Number of protein chains: 2
Amino acid sequence: MKRCLLFVALLISASTLQARGTGDLGVLIERASSSVQIVETSNNTSLKRVAGLGDLSHASVVYSRDARYAYVFGRDGGLSKVDLLDGSIAARRLQSGNSIGGAISQDGRLIAVSNYDPGGVRVFDAHSLEPVADIPATYGDDRARSKVIGLVDAPDDRFVFALWDAGEIWVLDMSDRDRPQVTRYRNIGRQPYDALITGDGRYYIAGLFGEDGMALLDLWNPDRGVRRILSGYGRGEQKLPVYKMPHLEGWAVAGNYAFVPAIGRHEVLLIDMQNWTEAGRIAVHGQPIFVMARPDGRQVWVNFALPDNDTIEVIDTQSLEIVHRLRPGKGVLHMEFEPRGEEVWLSVRDENRVEVYDTRSFERKAAIPASKPSGIFFTARAHRIGL
Amino acid sequence: MKRCLLFVALLISASTLQARGTGDLGVLIERASSSVQIVETSNNTSLKRVAGLGDLSHASVVYSRDARYAYVFGRDGGLSKVDLLDGSIAARRLQSGNSIGGAISQDGRLIAVSNYDPGGVRVFDAHSLEPVADIPATYGDDRARSKVIGLVDAPDDRFVFALWDAGEIWVLDMSDRDRPQVTRYRNIGRQPYDALITGDGRYYIAGLFGEDGMALLDLWNPDRGVRRILSGYGRGEQKLPVYKMPHLEGWAVAGNYAFVPAIGRHEVLLIDMQNWTEAGRIAVHGQPIFVMARPDGRQVWVNFALPDNDTIEVIDTQSLEIVHRLRPGKGVLHMEFEPRGEEVWLSVRDENRVEVYDTRSFERKAAIPASKPSGIFFTARAHRIGL
C-alpha cells in the first residue's frame, strides 16, 4: 500500500504539472547554452529549462495552433518541437547545415524552414516533423542555389520568402501538400536581406541591401507584380557605417503609419501605408534595431545597435515624441509585449537576465535570470498571421 | 494491489484528459439547455458538455489570460467560470437579476458585468469571483438607475460602457482595484443600445436607438469629449420596421473601412474610419445582424434577421462584391472565425447544429450536433483588446 501511495503521489505530481492553460506561456532563447526557458506571463516566472537544442544564435520560434508546442529554429539547421507542458523535446531534426528562421502554415499543419545552406526552403509535417516538401532556391543558367531569407506565412496556406543571391521573391502555395506550387517574382532588387508581412497577410516587403529602397508584393493583387518603394530607404549613396542590420519583422504599425528603423541613422522613419512614402522622421538615441508597437498601437518601443544597446526609447505614436527612456543594461537584444500590451519583456543579454516592465508606469515588475538571453516569444503568436 | 491499479488507471485517465494545449479550444452556447459545449478547432470536434449555467439567452463569453477558463455571462445575472480542461464549473455567482454581457480587464485579474437590474456594473476577482467593486448607474436628480449596455475592456485596466436610460458613456478605471474611478460623459445621445471598441482599444462607439447617428469617444483624447458621427445611421426619420437590432460588436474593419450593418435596410454600410463618414453601401440579402471580417480582412461574412436568417453572404472587401452565398439552414445566429481565418464556425439554431466551413473553398468541413446553439467563442479572444 505504501508503494501504491508513492506511485500515486508521483503520478499526481506529474499530472498537476501538466494540466494548465497554455495561453500565458512563452519561451526565452538562451543562446550560449543551447537551451530555452519556458515562462509564464500571469505571474512573470520561469517554469522550466529545456536544453540540447543546438546553436541558438539568431533562433526564432513559432507555435502550434493549440499553443502546446514551440517550434524552435536554430542557426545550425536544427528544428526542435518542444512540449511546453512537460518541457520535453517531442521531436527534433537537423534539417540543413545553416538555417535562418521558419514559419507555420495558416492551418497549423506544416512547418517551413528557410535555409542558407543548401539554399532553399524545406517543409515538414507539424505533428511528426517528417519531410513534406523540399524547394531548392535555384536560379540562373547554372542552377546555383540562393540563400533564402524573410520566410513568412500568408493566408491560404502559403509561404513567402526572398532569395538573397538571386534577387527574387517566391510564393509557395502548400494548400495541396502533395503538389507544392511556386510563383517566382524576378528582378525584385539586389540582395534582399530581410522581409516582413503586414499583420493582415496582405503586403510582403523585402529590404534591399544591394541598393536603395524596398520591394513590395501585394498578395491581394499578385498579378501586379513586385514594385519598388521607399527609394530613400536602405544603404543608398551615403554608405553610412551600419553596426547591425535592423530587423524588419519588428516593424510597428499604428493607425495608417508604419514606424521603421532607419538603416545606419539615428532615426525612426514614419511611413504612410496608404501610398508607401516617407511621412516623417523621429530622432532617436542610436541606430534602431527593433521598432515594435505595443499591441494597442499607442506606444512604439525601440532598441539600438552598439554602442547604444543598453537603452530603450518609447515613442508616443500620437505626439511622435519620446516619452520615456530606460537603461536596462548592456545588450538589450529583443522585446516581446504581452498580448494585450500591459507589460513588455526585454532580453538583457550581457546582464544575463530578462526584465518585465509595466508599459503604463514603466516600473520594473520582474527580473528573471537567464543565460545570454536573446529572443522572447509568447504563445499568443499561434493565433496571428505572418509571425 | 488490484485496487491500487484501478485507482492509478482512474488517475491516468483523468490526467490524460487534462493535459493539452488550450489555444485551439472554444465554447458553444446551447441556450435552451443552460449548457455549453467545449470544442476544439484542430480537428473540429466537441469535447464535453457543461450544464447548469442558468438562462443563456444572449449569453457571451470571455477567457482567462491563460486560456484555461471561460467566463460565461448569462441573461439571469449568472456569472460562471468554466474550466475547459475538465469541464467543471470552477466558480459561479448569481450577481444580479438581469445582465447583458461582460468583459475581462487587460491584465486578466478582473471580470466586469453589465446589469439591467439593478442597473450598473459589478466587478469581480477573476480568480475567485469575489466582489471587488459595485458601480451603480445612477443618474438625474432622483438618482434613478439606468440599464447598462455595451460594456467593453480598454487598455490600462479600464472598462467602458453606456447607460441606456441616461444617455451617458462612463469610463471606469480599475487600475487601482480599491479605488475605482469613474469619468462620466453626459448627453451623448438618446438610448444608446449597443457599443463597440475598435481593436486597438482607441475608439468607443455607441449606437443610438432614440435618434439618428452614433456617439464616438476617442480614448486617446478623452478631453475632447463625445462627438456625434454618422448622422445617417440609426432609426432616424424613416421608421423602418426593424426585426432585430444589429450587433455592433460585429463591426468588421478591413483597411481603413469599417463594414457596418445598416439598421432596418438590406444594406451593409461602408464607413471611412479616417473621418467617420459613410463611404458607400452594399446591397445584401436581408437585414444584416452580424457583419464580421475574416481575420485577414479580405472577406466579410454577413448573417441576417428573420425571414432571411437561413442565409450567409460573403463580401470581398477589395471588389466590394458578394462572392458567395450559403444557406446553412434556419436560424444562423452567430459566426466565429478560427484565429487565423482558414475556417469559420456557424450556429444554425433551428437545425440544432454548428457547421464549420473552409473560408477559401466554402466547403463544409464539419457539422457538430448542438442544442439550439447561439454564440461561439474561441480562446484566442483571451489575447485581444475589447472582446
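These are my notebook entries on what I looked up in a predicted model.

**Entry 1: the two chains**

I began by asking how chain A relates to chain B. A rotation of 180° with 0.0 Å of shift along its axis superposes chain A on chain B, with an RMSD of 0.0 Å. I noted this down as the relation of a two-fold axis. I then looked for the C-alpha of chain A nearest that axis, and found that of A19(A), 2.2 Å from it.

**Entry 2**

I followed an open sheet of four strands in chain B, whose order is β14-β15-β16-β17. The pairing in this sheet is antiparallel. I marked β14 (148-154) and β17 (181-185) of chain B as the edge strands, each pairing on one side only. From one strand to the next the twist averages 20°.

I then picked one pair from this sheet. Strand β16 (residues 168-173) of chain B pairs with β17(B) in the antiparallel sense, over five bridges. Which residue of β17(B) is the bridge partner of W170(B)? I found R184(B) there.

The cut-off I used for "buried" is under 20% relative accessible area.

Next I sorted the residues of β16(A) by direction. E168(A), W170(A) and L172(A) point one way from the strand, while I169(A), V171(A) and D173(A) point the other way. All of these are buried, whichever way they point.

Strand β15 (residues 158-163) of chain A pairs with β16(A) in the antiparallel sense over six bridges. In that pair, F161(A) has W170(A) as its bridge partner. The hairpin of β15(A) and β16(A) has four residues between the strands, and G167(A) takes a positive phi near 65° in it. Five bridges join β16(A) to strand β17 (residues 181-185) of chain A, and these two run antiparallel. W170(A) turned up again here, with R184(A) as its bridge partner in β17(A).

**Entry 2: a second sheet in chain B**

I found another open sheet of four strands in chain B, in the order β26-β27-β28-β29, with antiparallel pairing. Why is one side of β26 (288-293) and of β29 (322-326) of chain B left without a neighbour in the sheet? Both stand at the edges and each has a single partner strand, so one side of each has no neighbour there. I noted that the twist averages 20° from one strand to the next.

Within this sheet I checked β27 (residues 299-304) and β28 (residues 312-316) of chain B, which run antiparallel and are joined by five bridges. The bridge partner of V300(B) in β28(B) is I315(B).

**Entry 3: salt bridges**

I looked up the total and found 51 salt bridges over all chains. As a general point, side chains of opposite charge can pair when their charged atoms come close. I then went through some of them.

R325(A) forms a salt bridge with E313(A), and the closest N and O atoms are 2.9 Å apart. R325(A) sits in strand β29 (residues 322-326) of chain A and E313(A) in strand β28 (residues 312-316) of chain A, twelve residues apart. R325(A) counts as partly exposed at 47% relative accessibility, whereas E313(A) is buried, with a relative accessible area of 1%.

R381(A) and E336(A) meet in a salt bridge at 2.7 Å, N to O. R381(A) lies in the segment after β34 (373-378) of chain A and E336(A) in strand β30 (residues 332-337) of chain A, so the pair ties together parts 45 residues apart in sequence. R381(A) counts as buried at 16% relative accessibility, and E336(A) is buried at 7%.

In chain B I looked up E130(B) and R93(B), which form a salt bridge with the closest N and O atoms 3.6 Å apart. E130(B) is in the loop between β10 (119-125) and β11 (131-136) of chain B, and R93(B) is in strand β7 (residues 89-94) of chain B, 37 residues apart. E130(B) is partly exposed at 45%, and R93(B) counts as partly exposed at 25%.

Notes
Residues are numbered from 1 along each chain as its sequence is written. Chains are lettered from A and ligands numbered from 1 in the order in which they are written. This is a predicted model: local features need pLDDT of at least 70, side-chain atom pairs count only at pLDDT 80 or more; totals for chains, interfaces and linings use all residues. Side-chain values use heavy atoms; hydrogens and water are left out. Two strands pair if DSSP finds at least two bridges between them. Axes are lines fitted to C-alpha atoms, for helices over the stretch in contact, and angles run from 0 to 180 degrees between N-to-C directions. Copies are superposed by least squares on the C-alpha atoms of residues with pLDDT of at least 70 in both. Buried means under 20% relative accessible area, exposed over 50%, partly exposed in between (1.4 Å probe, protein chains only). A salt bridge is a side-chain nitrogen of Lys or Arg within 4 Å of a carboxyl oxygen of Asp or Glu.
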